[in-house]
Amino acid sequence: KYKCVSEILSTVSMLSIGTSVFYRPKEKKVHADTAHQNFARGGGGDHIALLRCYSDWAESDYSPQWCFENFIQVRNIRKARDVREQLEALCERVEVDPNISNPEDVESILKAVTAGF
């Protein structure tokens with residue numbers, strides 16, 4: 001309906017891991033806060049920030065170095081990737097194309113999230 005299956009899979013997988021992917025070491029609080037605020041650029045709230053985090057990590061070819069530079073917990077974001085892969089398989093099983101994507105349409109993504117509640 002909203003043409004953003006891929007984005008919803010990423011967002012839901014990030015929400016499903018139960019703990020935060022962000023970390024904030026005491027000696028680098030300011031750097032960590034700045035890195036985390038970069039994901040909130042452009043608005044959209046926490047769900048969109050999590051989506052941006054996952055998307056940026058995927059664009060880095062799932063780099064552990066990228067996680068280190070952005071104060072992201074590698075183990076937790078890898079769990080999110082595993083969940084996303086399982087959700088993709090479920091989508092394919094029920095004949096929903098998991099590659100339908102419209103990353104620029106934040107409003108549709110938020111409507112899809114809201115419709116899920």
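This note goes through side-chain contacts, cores, cysteines and backbone angles in a predicted model.

1. **Aromatic pairs, helix α3.** Searching the whole structure gives five aromatic pairs. Take Tyr54 and Trp57 to begin with. Their ring centres are 5.8 Å apart and their planes meet at 75°, so this pair is edge-to-face. Both residues belong to helix α3, which covers residues 45-59. They are three residues apart, about one turn of the helix. Tyr54 and Trp57 are both buried.

2. **Trp57 and Tyr62.** Trp57 also pairs with Tyr62. This pair is edge-to-face too, with 4.8 Å from centre to centre and 80° between the planes. Is Trp57 buried or exposed? Trp57 has a relative accessible area of 1%, so it is buried. Tyr62 is at 30% relative accessibility and counts as partly exposed.

3. **A charge over Tyr62.** The ring of Tyr62 has a further neighbour. Arg81 lies over its face, 4.8 Å from the ring centre.

4. **A ring cluster.** Which residues do ring pairs link into a cluster? They are Phe22, Phe39 and Trp66. Trp66 comes up again in the main core, as one of the residues with the most contacts inside it. Phe22 and Phe39 both touch Cys53.

5. **Salt bridge Arg24 to Asp33.** The whole structure holds four salt bridges. In one of them, Arg24 meets Asp33 with the closest N and O atoms 2.8 Å apart. Arg24 is partly exposed at a relative accessible area of 47%. Asp33 is also partly exposed, at 27%.

6. **Salt bridge Asp56 to Arg41.** Here the closest N and O atoms are 3.6 Å apart. Asp56 sits in helix α3, while Arg41 sits in the loop between α2 (29-39) and α3. The pair therefore ties together parts that are 15 residues apart in sequence. Arg41 is partly exposed, with a relative accessible area of 44%.

7. **Salt bridge Lys111 to Glu107.** The closest N and O atoms of this pair are 3.2 Å apart. Both residues are in helix α6, residues 106-116. They are four residues apart, so about one helical turn separates them. Lys111 is partly exposed, at 41%. Glu107 is exposed, at 53%.

8. **Main core.** The largest nonpolar core has 14 residues. Met14, Val21, Cys53, Trp66, Ile72 and Ile77 have the most contacts inside it. Helices α3, α4 (64-69) and α5 (74-93) each supply at least two of its residues. Which helix gives the largest share of this core? It is α3, with five residues.

9. **Cys53 and the second core.** Leaving out residues up to four places away in sequence, Cys53 touches Met14, Val21, Phe22, Phe39, Trp66, Ile72 and Ile77. There is also a second, separate core of five residues. Among them are Cys4, Leu51, Ile109 and Ala112.

10. **Cysteines.** How many disulfides does the whole structure contain? The search finds zero. For Cys4, the nearest cysteine sulfur is that of Cys91, 12 Å away. Cys4 is buried, with a relative accessible area of 4%.

11. **Positive phi.** Most residues other than glycine have a negative phi. Two exceptions deserve a look. Asp61 has a phi near 65°. Asp61 is found in the loop between α3 and α4, and is exposed, with a relative accessible area of 63%. Glu95 has a phi near 60°, again a positive value in a residue other than glycine. Glu95 is found in the loop between α5 and α6. At 75% relative accessibility, Glu95 counts as exposed.

Notes:
Residues numbered from 1 in each chain as written. Predicted model: local features only at pLDDT ≥ 70, side-chain atom pairs only at ≥ 80, totals over all residues. Heavy atoms only, no water. Phe/Tyr/Trp six-rings, centres within 6.5 Å; stacked < 30°, edge-to-face > 60°. Buried < 20%, exposed > 50% of the residue type's maximum accessible area, 1.4 Å probe, protein only. Lys NZ or Arg CZ within 6 Å of the ring centre and 35° of its normal. Salt bridge = Lys/Arg side-chain N within 4 Å of Asp/Glu carboxyl O. Core = buried A, V, L, I, M, F, W, Y, C linked by side-chain atoms within 4.5 Å. Contact = heavy atoms within 4.5 Å. Disulfide = S-S within 2.5 Å.
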